There are 4 protein chains.
Amino acid sequence: MSAEETPEADRAARMREQRRAAIIAAARQTFAERGYHNASINDVIERAKIARGTFYLYFEGKRAVFESLLAESLAELRARIRRIDLGPDARPPEAQLRESLVRVLGHVLENRDFTRLLLTLWLNPDVEVADTVDAFYDHVTALIAASLGHGLRLGLVRPCDPQLVAAALLGTIRGILGYLIETPDADIERVADEIIGLSLRGIGVPGRWTASG
Amino acid sequence: MSAEETPEADRAARMREQRRAAIIAAARQTFAERGYHNASINDVIERAKIARGTFYLYFEGKRAVFESLLAESLAELRARIRRIDLGPDARPPEAQLRESLVRVLGHVLENRDFTRLLLTLWLNPDVEVADTVDAFYDHVTALIAASLGHGLRLGLVRPCDPQLVAAALLGTIRGILGYLIETPDADIERVADEIIGLSLRGIGVPGRWTASG
Amino acid sequence: MSAEETPEADRAARMREQRRAAIIAAARQTFAERGYHNASINDVIERAKIARGTFYLYFEGKRAVFESLLAESLAELRARIRRIDLGPDARPPEAQLRESLVRVLGHVLENRDFTRLLLTLWLNPDVEVADTVDAFYDHVTALIAASLGHGLRLGLVRPCDPQLVAAALLGTIRGILGYLIETPDADIERVADEIIGLSLRGIGVPGRWTASG
Amino acid sequence: MSAEETPEADRAARMREQRRAAIIAAARQTFAERGYHNASINDVIERAKIARGTFYLYFEGKRAVFESLLAESLAELRARIRRIDLGPDARPPEAQLRESLVRVLGHVLENRDFTRLLLTLWLNPDVEVADTVDAFYDHVTALIAASLGHGLRLGLVRPCDPQLVAAALLGTIRGILGYLIETPDADIERVADEIIGLSLRGIGVPGRWTASG
DNA sequence: AATGAATGAGGGTTCATTCAT
DNA sequence: CATGAATGAACCCTCATTCAT
């Protein structure tokens, strides 16, 4: 910790961080393109232009990069989602929801590769890393369920099973994301509106359907 | 074609069919539990209690069982889905939709293993067999989109992008299925009602949300 | 052994012999076409149009058919080769040699498949059956060596190492056979003359070569 | 290309070449002893004392080592064979022929393993690699046939079918090689003389045989 | 720190042989 | 006798991970 060593150490630390980032980037592309199992360490190190052994200096193994990659990417995504503020002075919940959606959709379209990966990882036992993803989905589901509960108490949301509906709404969003990553020039704003419209009012024209459903 | 030969040949054919079904069943569980790549032929033959070579008597290889399994299971599932009849004498579309849903949900709960597998297979590049699954999801999406288009023309459905909404609705259903397969004692009827309610009317209480969304 | 059983037993024995012959024939073609290792029992039983188990009623296994097949075919070939009679009243040895050659060449051209097989079997360790073939080649070599020794004592053959020359002459014949089985319309008589000319007088024009060789 | 890097890189390349050679040597022995099909990669790696994966670092597979081994060994052998110069100032053709023979025989005795392999590979359909060997034998046959044609025009060789005689002479040599590899202390010079004597003048004592043959 | 040659467990597949019907 | 479904040892190959340099 002598002052003399700091500049060198700093530089080394920066280099190390860059390398790590480069490997993660290479891994992200590789896993997205080929799936966890079909992706080989070979693919990753070739893309990252490092030697085989170097890889293991930065990560404990295949599973470890995958986890790191997930953790980082999920954190970025999570940062785009904001809890809806239902306080007295808050802006309309619909607007807040819309902003979160627009941020998420924008991020998704900039990270199609990772999004595809994330979508395929839902419930996937194939991958030893399900936990990280499960935790993310559970987190989001809980967030939605909590919002629903809140809305319910405030009379904004009609009576329903929050758990079930949260699972459904998250599914809706995943469905839309799956559609988006294969649709080059999507209009995010319009899509956000469709999601909100669909979620809040459904697709039925009021009065044209029986009351039973 | 002599009548005398039939009994033996019949019995043999039945036995063969049973074996095949047993292998498919073992494969279904194995693939569902461990994913396509982590599942080994070893796992399958151990579960099916057959010798290694026997497996290859019934299927050309790992990929072939997987495809057969998918094809058969998807066919069963597809058989539960009926196109909605919008003719003048038809029963209310909501009722028809509800029946399809109940059939599908019931089937799903009886085949949790396969359902889990099917859900993980969505968009999966990891699996050499994506085509079969993609075709199924495309088929269902098209079915939904067509229904939406129809409903739109009849004034039952409010203006929307049928492709996008179809992707969303299929996502909603997948979300619910994912929830169900981990919920032991689900009440199918109620779930069907929730899905329909959500799809047609959303979760918002009319009048409590701004008109923009 | 009652007299009544004989006709039946005879018929059965004849049938059995026919089947056996059919299997050997199928095996001969298969082994000739694909080589010992690449030939599968499957190939043989399909060609012979018998069931898998039936094959093992007639032969102990793959190796056993191969040995039987070799033994029978080699016996047929060997029957075409006659020891040269050098007695006082015998016909000219060259004529005798020529007759053996013509018989062998004719047989070879009628059994190209087997000949090819036989040629590839020389020295072949690949095949667990080398013994049978080795014995045949040893037999023929010994025959030639003995003839050479005889001829030597009678002053018909110039001084040489009979073992070495026998190996060489057998090689010459194998070389010719290899050429013949790929030459559809060979004139056996002419070929026999070439072999004898080559063996007895070589290809050199006397007086045009130095004496050293 | 900096001079500093050379020593390391050189050493690495040399090591690599040694390993490769060691594997080829192990393969040569294994294939010679057990034949192509009976030889397993296991045999090879055990003999070469390397791990399974290491083998695949140097060769693409079983067939690839076999082809490399053949190509290298055939090239060495071919290098010992020189075309006979029949020009006006050339040394006597017989002497030239004799030198090629001595070189080839010497090489053969130093590489009994490979020679045995080469001999068994003639016409072998069993082996996926027949082409390389066929090409070699065709090459040598063509060389002999061309020499015969030349000698014929110069009046050194008596009238004959060059193709047939070339096949025969190559057969003669193969026959001798087969004899040699099982004869420990052969006198190469004497064997070369026997081959030449046999080829040019045959084994008959002139005047003691009828003219017909 | 970086390298890349070496490792070996593990996977999918084939095929000669057996045995209950 | 004949059948053909069943068996399992053996084989080739891949790839995540280690370690000497």
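1. The contact between chain B and chain A, which like everything below belongs to a predicted model, takes 53 residues from chain B and 54 residues from chain A. On the side of chain B that touches chain A, the elements giving two or more residues are α1 (6-38), α5 (93-110), α6 (112-121), α8 (162-180) and α9 (188-201) of chain B. Of these, α8(B) gives the most, with twelve residues. By residue type, that side of chain B divides into 23 nonpolar, 17 polar and 13 charged residues.

2. How are the two copies in this pair related? Chain B can be laid on chain A with an RMSD of 0.6 Å, by a turn of 178° and a shift of 0.1 Å along the axis. The two copies are therefore related as by a two-fold rotation axis. The interface agrees in its own way: 100% of the interface residues of chain B are also interface residues in chain A, so the copies meet through the same surface.

3. Chain A and chain C do not touch, and their nearest C-alpha atoms are 33 Å apart. Chain A and chain D are likewise joined by no contact, although their closest C-alpha atoms lie 14 Å apart.

4. At least two residues of the surface near DNA strand E come from each of the following: α3 (52-58) of chain A, α2 (41-48) and α3 (52-58) of chain B, α2 (41-48) and α3 (52-58) of chain C, and α3 (52-58) of chain D. The residues of this surface comprise ten nonpolar, twelve polar and eight charged.

5. Helix α9 (residues 188-201) of chain D deserves a separate look. With 14 residues, α9(D) reaches 19 Å from its first C-alpha to its last, which is close to the 20 Å expected at 1.5 Å a residue. Just after α9(D), D:Gly202 takes a positive phi of about 70°.

6. Which residues of α9(D) are buried? They are D:Val191, D:Ala192, D:Ile195, D:Ile196, D:Leu198, D:Ser199 and D:Leu200. What covers the buried residues of α9(D) includes α5 (93-110) and α8 (162-180) of chain D, together with α8 (162-180) of chain C.

Methods: Residues are numbered from 1 along each chain as its sequence is written. Chains are lettered from A and ligands numbered from 1 in the order in which they are written. This is a predicted model: local features need pLDDT of at least 70, side-chain atom pairs count only at pLDDT 80 or more; totals for chains, interfaces and linings use all residues. Helices (H or I, at least four residues) and strands (E, at least two) are DSSP runs, numbered from the N terminus. Ala, Val, Leu, Ile, Met, Phe, Trp, Tyr, Cys and Pro count as nonpolar, Asp, Glu, Lys and Arg as charged, and the others, Gly among them, as polar. Two residues are in contact if their C-beta atoms, placed from the backbone, lie within 7 Å. The expected span of a helix is 1.5 Å times one less than its number of residues. A residue is buried if 20 or more other C-beta atoms lie within 10 Å of its own, exposed if 12 or fewer, and partly exposed in between; C-beta atoms are placed from the backbone. Copies are superposed by least squares on the C-alpha atoms of residues with pLDDT of at least 70 in both.
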